[in-house]
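Keep the model open beside this text.

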Amino acid sequence: MKMIKYFPLFLLVVLVSCEEKSNPVSSEVNYEYFYNSWTRSYEEETNNDSIKLFRPNDYKEFSTSRYREILIFKQDNTCSYLVLAPNDAHYFQSGKWNLINQEKNIITIFDSTNTIYKNFQITELKQDILKLIIVD
């Protein structure tokens, strides 16, 4: 009998705890802003977050770093990205990008041999910020 008395309270706790979390992906992405040169601003990222944050190259003066990821996207689906070689050299690699899932805003970057370099999901895209999650 005591169980029946507390059942509404139990049900309320279960319903509240099972509330669906908001999806970090923007439903509407303005790709006009995507065509830019983006520099990773890891100083603005939170340590427990899988989201990588990029700013336009001319957004600010970035602090000195041994290596800072740079992605350049063009409207004709070509791109360039900064690569860190095993000898600690930095060079730009040319490739192509493709929007492979518009609903989830998933982009794939292919290198010059058509091998996948990186898959990522855009979670936020504005004129001054690009946030993405690397996906497999």
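Five bridges join strand β6 (residues 106-110) to strand β7 (residues 116-126) in the antiparallel sense. Strands here are DSSP runs of E with at least two residues, numbered from the N terminus. Two of them pair if DSSP finds at least two bridges between them. Within this pairing, Ile 109 stands opposite Lys 118 of β7.

This is a predicted model: local features need pLDDT of at least 70, side-chain atom pairs count only at pLDDT 80 or more, and totals for chains, interfaces and linings use all residues. Residues are numbered from 1 along each chain as its sequence is written, and side-chain values use heavy atoms, with hydrogens and water left out.

Now take the whole sheet. Eight strands form a closed barrel in the order β1-β2-β8-β7-β6-β5-β4-β3, with antiparallel pairing.

Strand β2 contains Pro 56. Pro 56 is buried, at 6% relative accessible area; buried means under 20% (1.4 Å probe, protein chains only). Its C-alpha atom is separated by 5.8 Å from that of Ser 37, 19 residues apart along the chain. Beyond residues up to four places away in sequence, Pro 56 touches Asn 36, Ser 37, Trp 38, Phe 62, Gln 127, Asp 128 and Ile 129. Contact means heavy atoms within 4.5 Å.

Move on to the loop between β2 (52-56) and β3 (70-73), where Arg 68 lies. Why does Arg 68 count as buried? Because its relative accessibility is 9%. Neighbours within four places aside, its contacts include Thr 39, Tyr 42, Glu 43, Phe 62 and Leu 82.

Notes:
Helices (H or I, at least four residues) and strands (E, at least two) are DSSP runs, numbered from the N terminus. Buried means under 20% relative accessible area, exposed over 50%, partly exposed in between (1.4 Å probe, protein chains only).
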